[in-house]
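Hi everyone, thanks for making time for this. Let me put it on the screen.

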Amino acid sequence: MTEVTSVDTAAKVSKPAGLGPTSLERVHLPRISIKFCTQCRWMLRAAYFAQELLSTFGTDLGEVALVPMTGGVFTVTIWHGDESADGEVNTQEIILWDRKRDGGFPEVKALKSLVRNVIAPDRDLGHTDRALKQQAEKKEDKGEQSEEKKEKCEDCV
């Protein structure tokens, strides 16, 4: 787990409204924020995803934040950092899931896989990885079948 102690970097990562720069002395990375719409009543869904990520990754995560918003928002964002040779931490923000961009809500296993790909690409997620692999194989099989049908139809014409 990498800690960012620079106030400027911490403020860039996430600064709740109304808090001065001295209020944020440390941000623990990797940090996941789940922004959810309170009008849509998605708090329990957001809390469930946070619970699943914390139970799977434990101390590999620095923190998980639930961020209430309005306007139909549901996004999962991760900030992670790499320490450079001069000891400075460079943070990177990645939007893992956006309900509007990705069309709905993620499956828990897909979200776990996205987080794993960022923080520990070599880590095995066990049954989650096997389930995702089976889904991918089924999609490939369906894709091949539809291509075969197209080819047959084109040959008949």
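Predicted model: local features only at pLDDT ≥ 70, side-chain atom pairs only at ≥ 80, totals over all residues.

Let's start with E63 and R31, which form a salt bridge whose closest N and O atoms lie 2.7 Å apart.

Is R31 buried or exposed? R31 counts as buried, because its relative accessibility is 8% and the cut-off for buried is under 20%.

How many salt bridges does a search of the whole structure find? The answer is five. As a reminder, side chains of opposite charge can pair when their charged atoms come close.

Another one of them joins the side chains of E52 and K112, at 3.0 Å from N to O. Here the link runs from helix α2, which holds E52, to helix α4 (residues 108-119), which holds K112, and the two residues are 60 apart. E52 is buried at 17% relative accessibility, and K112 is buried too, with a relative accessible area of 11%.

Next come D60 and R123, another salt bridge, with the closest N and O atoms 2.8 Å apart. This one connects loops: D60 sits in the loop between α2 and β4, R123 in the loop between α4 and α5 (127-156), and they are 63 residues apart. D60 is partly exposed, with a relative accessible area of 39%, and R123 is partly exposed at 28% relative accessibility.

Now, on to the sheet. In what order do its strands run? The order is β4-β3-β5-β6, in an open sheet of four strands with mixed pairing. Why is one side of β4 and of β6 left without a neighbour in the sheet? β4 (63-69) and β6 (89-98) are at the edges and have a single partner strand each, so one side of each has no neighbour there. From one strand to the next, the twist averages 20°.

Looking inside the sheet, β3 (residues 31-37) pairs with β5 (residues 74-83) in the antiparallel sense, over six bridges. If you want a place to look, K35 stands opposite T75 in β5. Helix α2 (residues 43-57) packs on this sheet and touches β3, β4 and β5, and its direction makes about 165° with that of β3.

That's my tour, and I'm happy to go back to any of these views.

Note on methods: Residues numbered from 1 in each chain as written. Heavy atoms only, no water. Pairing = 2+ DSSP bridges. Axes fitted to C-alpha atoms, helices over the stretch in contact; angles between N-to-C directions. Contact = heavy atoms within 4.5 Å. Salt bridge = Lys/Arg side-chain N within 4 Å of Asp/Glu carboxyl O. Buried < 20%, exposed > 50% of the residue type's maximum accessible area, 1.4 Å probe, protein only.
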